[in-house]
Amino acid sequence: MKTAISIKNLRKTYDNGFEALKGISLEVEQGDFFALLGPNGAGKSTTIGVISTLVNRSAGEVEVFGRNVDTHVYETKLDLGVVPQEVNFNLFERVEDIVITQAGYYGLPRTLAKERSDKYLRQLGLWDKRRDRSRSLSGGMKRRLMIARALVHEPRLLILDEPTAGVDIELRRSMWDFLIELNGQGTTIILTTHYLEEAEQLCRNIAIIDNGAIVENTSMKSLLAEIDSQVFVLDVLKADLPKAALCLKDFDARTLDDQSIEVTVRRGGSINAVFAQLENAGVVVTSMRNKTNRLEQLFINKLTGSE
Amino acid sequence: MYVNHKRIAFETIVIKEIRRFSRIWVQTLVPPAITIALYFVIFGNLVGRRVGEMGGFQYMEFIVPGLIMMSVIQNSYSNVVSSFFSQKFQRSIEELLVSPVPNYVILTGFVVGGMARGLAVGAIVTTLSLFFADIQIAHPVITVTVILLTSVVFSLAGFINAVYANSFDDISIVPTFVLTPLIYLGGVFYSTQMLPPFWQAVSALNPIFYMVNTFRYGFLGSSDVDVIWAFLILGVFAVSLYGGCLWLLRHGTGIRF
């Protein structure tokens, strides 16, 4: 599989002496949906800044689709779309103008720029706002505008730095759908996010960065397989609770209130066994949820381990 | 980047710049017109009548080229410094920096944007001056060339100011404490031949003195400076400032971290 991004021994020390990146190496395959996770100040945005040339690196090499970003500036930038963490468009310009202007920077003729702008503004639900000044947009709309702007030249690699921060759940889900579709069409996506559920839902591979170093770089599946146990909360009918408690006495289970039971399933175990037991006892389960986000627990474990 | 792509990118930057200052025309085009109109009324008309002749011309005729040049210098400078700094401040400059537009295209785009505003204001002021003086242009080629070069030089100077500026105060310090005194002492309102030799020598160190006087030569056919020497100075300034700006862009000074 060819690589979309290859980072070798990347270092960045800011003028104030802060060492943001301590020689990280990373590869992202073409067509991947890749998560870059880490706490605040871990080096995620600096990494993205270096890839997109907004941050001057202190050492190391970056290749985009096999081309060095220093020697193939035009080609690598053409392949790259960046959605930054903070709003970075002119708040006094019209929505449509922002996207069309960005297309112009990539050399797209006006008619094509207009076509692409229309396409992405429609897809991202901003069509009705296209003639509005961008400052009048809501937070979620501003983020979608930045995605439309990053896509207008149709890059092969899209980097999103916390694109759903501060976005409501409904909108976040629709952005997920959009990104999944985009990835399905072949666009490689690198995502940083604070919502670990988002990374788990969307990404196939993951790197965890902490204190300027990569502490984990693996597939999402492998990472989740490291989980020792999962805690499920089952809601049952009030009348069934005593039966449920009794039939789960051989499991690591405890009642939480008059209709909820918490069950811990160890690695190698199966929630199916719990359900089979409950079904045999004639207990009706009305709902089930993970008590904690699985990835969240692993994330914390990784970061604790790296300290 | 292909030539055609560069052309489109360049046009995009220029159109964006022109759209910016046109959108806020009440802030960008009207105030200089009012200020210069007041200069014409007060200095040219009221005071000028008592001054009589300056350098062999009616005082009003004498100050018209200087006032046009003053407005071009100030507006070329302030367009680039305010536009580039605003984009830095709002971080919208990142739109350009992540794109494949070469540095020289970015720089030339901003400079042409600055020239567009400088020359637009210059045209407004020239039109206004027709109400106050009978304008004749003795050397049109020199007039046009010097105004274009001056506009380039001050657009580039504005760019450097914007690159180093960290706050909105920083973009007003240079125009207030450097540019305005140099313009006023550059012979806009008087002929340096009126000055004692020492102050004539001091005036010769002021680059704006050469620009104002060469432009005046283009209008009136009379100047306090050698026109060839003035063009040489302008050319050196334009080339070295352009090179300096490109160096700053390449190193990411003030824009890349």
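Modeller: Strands first: DSSP runs of E, at least two residues, numbered from the N terminus, just as helices are runs of H or I, at least four. Two strands pair if DSSP finds at least two bridges between them. This is a predicted model, so local features need pLDDT of at least 70, and side-chain atom pairs count only at 80 or more. Residues are numbered from 1 along each chain, and chains are lettered from A.

Biologist: What makes E3 and E8 of chain A a pair?

Modeller: Four bridges join E3 (33–37) to E8 (188–192). Pairing takes at least two, so they pair. The two strands run parallel. Leu36(A) stands opposite Thr192(A).

Biologist: Which order do the six strands of the open sheet in chain A take?

Modeller: E6-E7-E8-E3-E9-E10, with mixed pairing.

Biologist: Why are E6 and E10 of chain A called edge strands?

Modeller: E6 (80–83) and E10 (213–219) each pair on one side only.

Biologist: Why is Glu154(A) called partly exposed?

Modeller: Buried means under 20% relative accessible area, exposed over 50%, partly exposed in between (1.4 Å probe, protein chains only). Glu154(A) has 33%, so it counts as partly exposed. Its phi is near 50°, positive in a residue other than glycine.

Key:
Side-chain values use heavy atoms; hydrogens and water are left out.
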